[in-house]
Amino acid sequence: MKKQQLSAAEYFERGEQYYDKGNYDKALADFNRALEIDPDDAYSYNMRAIIKKDRGDLEDAMADYNRAIASDPEYSSPYNNRSLLKDLQGNYVGALEDIEIAIKLDPTDSCYFNQRGLMKNELGDKHGALKDYNKAIKLDGTVVDYYHNRGLLRFDLEDFEGAYADFNRGIELAPDDEEEYFERALVEIKFGRPDKAMVDLNKSIKLNPEFPLSYNSRAILKQEAGDLKGAMTDYNKSIKLDPSRSIPYANRARLKTELKNFNGAMADFDRAIELEPDESSYYDNRADLKYDLGDYTGAIEDYGKCLELKPDDPDVYSQRGNARKKLGDFIGSMADYNRAMKLNPQDPMFPANRGLLKIELKNHKGAAKDIDRAIALEPENPIYYDDRAYLKNELRDYAGALADYNKMLKLDSKYSAVHLQKVQLHEKLGNLEEALKCVTKYCAMEPDDPEGKKQKKRLQQKIRRRKSE
């Protein structure tokens, strides 16, 4: 007896069943057979295109989506799927056009609004994206991804309360989803609740010990809490699970810097830059390390690369100015300080740095103006009084220098070395008894420093000689 041939609809239905079970070869064969029987079957073109797209055959997938739309222009799904493919190919305008048509044809499909929200977010229309996520959730409030996507967007918009609510809802809907706990932990960090963040990160790792992002974030918390060994273990684990991500290398480099493992830190910064050569902060961090190690030429090179990527960063100009100053390039240093001040005239560090350079260039009037400016911008910062005291000492205004050192100590009494500076000033003013008080204070703060004892003995002898004269 001859076997009865299936209809196109039956092949399509069986193909869908194969697809749902993950048997894509058999699914593709059935969709092909359905199209042989009915060359205008939009549903089979659509499903065949999905398989081709998943296999990387993007050109043929696009052709099938086009045939599906041509066969049934009122069928919304191919527009949505073609939109996804165009988005993958970087045709964002075309992708948005297609998803708009899909929504017009079927305004009740929550998935389409979520998809359009993702695309708008990619194009920078964050508020438009938020409206679409809201609509998707209104149509179907049971889909975790919708809350997840909205939570990420709200986090980006600094609506941390809203993000927290969305990730909470995501956890309610999917209590075994490690990503929801991870994202909620990041919000907890923003709220200044590291203990709660740690609980969520531990939960995320327990649910999926192979999720690298949670190890990286947990390492940051451990490092901030002083658990450097634990932080190193977590950074190592994050890198082992996903060695293609640059951030854990950069974070581990900062930890190694803290641990004085400078060679290891440099290697990690090098690797982070290799993986993500367009991330300006990595060059900035590596430049800082090179500066601290005395490699000012290398630091200048990295600061320069950072500025190529982020040309309006005043802090980097100031840092490069410091490095150029170390190498005696005063013209280049001055240019960098000027640029930093132009970009951010409210940062007191920039006029302070320029003021110190002007002291070296013997432009004392200009230096005084700059350091006064720094103090006016941040009058509670003791360092700037130290700078001005140094300048006044250079100008032989010893009483003025003493007044600034006293102000510095009033703001922060921990600066023991200032008492030795005051010793010299009091001596220049002939105030030996005051000088002795200052060195005595220094010796109390630094009892193991032989220099203090030496100076104290010298002053006592000097006072005795004066009295005996």
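**Ground rules**

I am reading a predicted model, so local features need pLDDT of at least 70 and side-chain atom pairs count only at pLDDT 80 or more, while totals for chains, interfaces and linings use all residues. Residues are numbered from 1 along each chain as its sequence is written, and side-chain values use heavy atoms, with hydrogens and water left out.

I found N114 in helix α7, residues 110–122. Helices here are DSSP runs (H or I, at least four residues; strands would be E, at least two), numbered from the N terminus. N114 touches Y133, A136, D145, Y146 and N149, if I skip residues up to four places away in sequence. I take a contact to be heavy atoms within 4.5 Å. I also checked N114 against A70: they are 44 residues apart along the chain, and their C-alpha atoms are separated by 25 Å.

Next I went to S76, which lies in helix α5 (residues 76–88). S76 counts as buried at 9% relative accessibility. Leaving out neighbours within four places in sequence, I see S76 in contact with A102, L105, D106 and Y112.

**α11 against α12**

How do α11 and α12 cross? Their axes come within 8 Å and cross at roughly 165°, with α11 covering residues 178–190 and α12 covering 194–207. That makes α11 roughly antiparallel to α12. For the record, axes are lines fitted to C-alpha atoms, for helices over the stretch in contact, and angles run from 0 to 180 degrees between N-to-C directions. Under 35 degrees counts as roughly parallel, over 145 as roughly antiparallel, 65 to 115 as roughly perpendicular and the rest as oblique.

I noted that α11 passes α12 in a left-handed crossing, meaning the near helix is turned anticlockwise from the far one by less than a right angle (clockwise would be right-handed). On the α11 side I listed E178, Y181, F182, R184, A185, E188 and I189, and on the α12 side K196, A197, D200, L201, K203, S204 and L207. By class, the residues of this contact divide into seven nonpolar, one polar and six charged. Nonpolar covers Ala, Val, Leu, Ile, Met, Phe, Trp, Tyr, Cys and Pro; charged covers Asp, Glu, Lys and Arg; the others, Gly among them, are polar.

**α19 against α20**

I then looked at helix α19 (residues 314–326) and helix α20 (residues 330–343), which pack at an angle of about 165° with their axes 8 Å apart. α19 and α20 are therefore roughly antiparallel to each other. Here too I found a left-handed crossing, of α19 past α20. From α19, P314, Y317, S318, R320, G321, N322, R324 and K325 meet F330, G332, S333, D336, Y337, R339, A340 and L343 of α20. That contact has six nonpolar, five polar and five charged residues.

S318, in α19, counts as buried at 1% relative accessibility. Beyond four places in sequence, S318 is in contact with Y337, A340, M349, F350 and N353. L343, in α20, is partly exposed, with a relative accessible area of 28%. Beyond four places in sequence, L343 touches D312, D313, P314 and Y317. L343 and D312 are 31 residues apart along the chain, yet their C-alpha atoms are separated by 7.0 Å.

**Nonpolar cores**

Which residues touch the most other members of the largest nonpolar core? I got A272, Y282, Y303 and V316, out of 19 residues. A core is a set of buried Ala, Val, Leu, Ile, Met, Phe, Trp, Tyr and Cys residues joined through side-chain atoms within 4.5 Å. Helix α18 gives the most to this core, with five residues. A second, separate core of 18 residues includes I359, L391, Y398 and Y405.

**Two loop lysines**

Last, I checked phi. K260 has a positive value near 65° and lies in the loop between α15 and α16. K260 counts as exposed at 62% relative accessibility. K362 also has a positive phi, near 65°, and is found in the loop between α21 (349–360) and α22 (364–377). K362 is exposed, with a relative accessible area of 57%.

Methods: Buried < 20%, exposed > 50% of the residue type's maximum accessible area, 1.4 Å probe, protein only.
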